Amino acid sequence: MIWCEDCGSKLTLFRNKQDDITKHFYVCSHYRQALKRFNQSCTRHSTRRDEIETLVLTKIREVLKYVCENKEEFIKKVNQRSNVESQKSLKAKTSILQKADRRISEIEQITSKLYEDYALAKISEDKFQKFTLKYETEQEGLVSETAALRMEIEEIKTKTANAEHFISLAEEHMNLSELTSEIARLFIEKITISEVVNNPDSNTRKTRKNCSRDVHIFLNGLGEFKVEEMR
Ligand SMILES: [Zn+2]
């Protein structure tokens, strides 16, 4: 669930089993593969596992605390925000779906007409097969596209009213002290990490002190939820 902010690939865990967790680190998988082909199209994005896990745990705890202490405000703000964002996306996806559905019925009409023409010997077998193949391929593509769209639309609809659900999760995990993979899956949708950059006021060599990086943590159903923006 950790992604490279610069190339969009997954960050994969790099570790020796005998090492303790402070020596485990994540690296951009695109960088690792490209390195094998001597083709540097992304950079390392090396991130210590213990540091990112501490950050994620702190973030989850901060959000849970805020949610439990400000339930009404939280419901109001989440509904306001998710309505605007998801209604826009819902509208766009529904319109693409309608177009694809229309095209599927058009293709059904075309292919049955094609078959009729072929049966009445109005077109040659060659042409009949060529066109049939063309329309069948287009139809297969559309059928899988519409299936995916229907799932995405369903997902948006269920996510729209999820503030209450999040509150019950928050209450259940209020005293969270450890980040297990179960907890990570429950709360985290994805994390994006940028490459390390030197801070603007520093022209010395990159060290841990004068460098920084962007880490964005997206929560399930809430997106990049920032407690400070809620106040
Ligand atoms: Zn990358």
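Predicted model: local features only at pLDDT ≥ 70, side-chain atom pairs only at ≥ 80, totals over all residues.
1. Three strands make up an open sheet with mixed pairing, in the order E1-E5-E8. The edges are taken by strand E1 (2–4) and strand E8 (215–219); each has a single partner strand, so one side of each is left without a neighbour in the sheet. Direction ignored, neighbouring strands of this sheet are turned by 20 degrees against each other on average.

2. The antiparallel pair. Strand E5, residues 188–193, pairs with E8 in the antiparallel sense, over 5 bridges. Two of the residue pairs can be checked directly. Isoleucine 188 has leucine 219 of E8 as its bridge partner, and threonine 192 has histidine 216, also in E8.

3. The parallel pair. E1 and E5 run in the parallel sense and are joined over 3 bridges. Here tryptophan 3 stands opposite threonine 192 in E5. In general, strands of a sheet pair through backbone hydrogen bonds, in either the parallel or the antiparallel sense.

4. The helix across the sheet. Which strands does helix H2 lie across? Helix H2, residues 49–69, lies across E5 and E8, and runs at about 45 degrees to E8.

5. Histidine 45. This residue is in the loop between helix H1 (29–36) and strand E4 (47–48). Phi of histidine 45 is near 55 degrees, a positive value in a residue other than glycine. Is histidine 45 buried or exposed? Histidine 45 is buried, because 25 other C-beta atoms lie within 10 Å, and the cut-off for a buried residue is 20 or more.

6. Alanine 121. Alanine 121 sits in the loop between helix H3 (71–119) and helix H4 (125–160). Alanine 121 has 8 C-beta neighbours inside 10 Å and therefore counts as exposed; the limit for that class is 12 or fewer.

7. Points to inspect. Histidine 45 is buried, whereas alanine 121 counts as exposed.

Definitions and conventions
Residues numbered from 1 in each chain as written. Helix = DSSP H or I, 4+ residues; strand = E, 2+ residues; numbered from the N terminus. Pairing = 2+ DSSP bridges. Axes fitted to C-alpha atoms, helices over the stretch in contact; angles between N-to-C directions. Contact = placed C-beta atoms within 7 Å.
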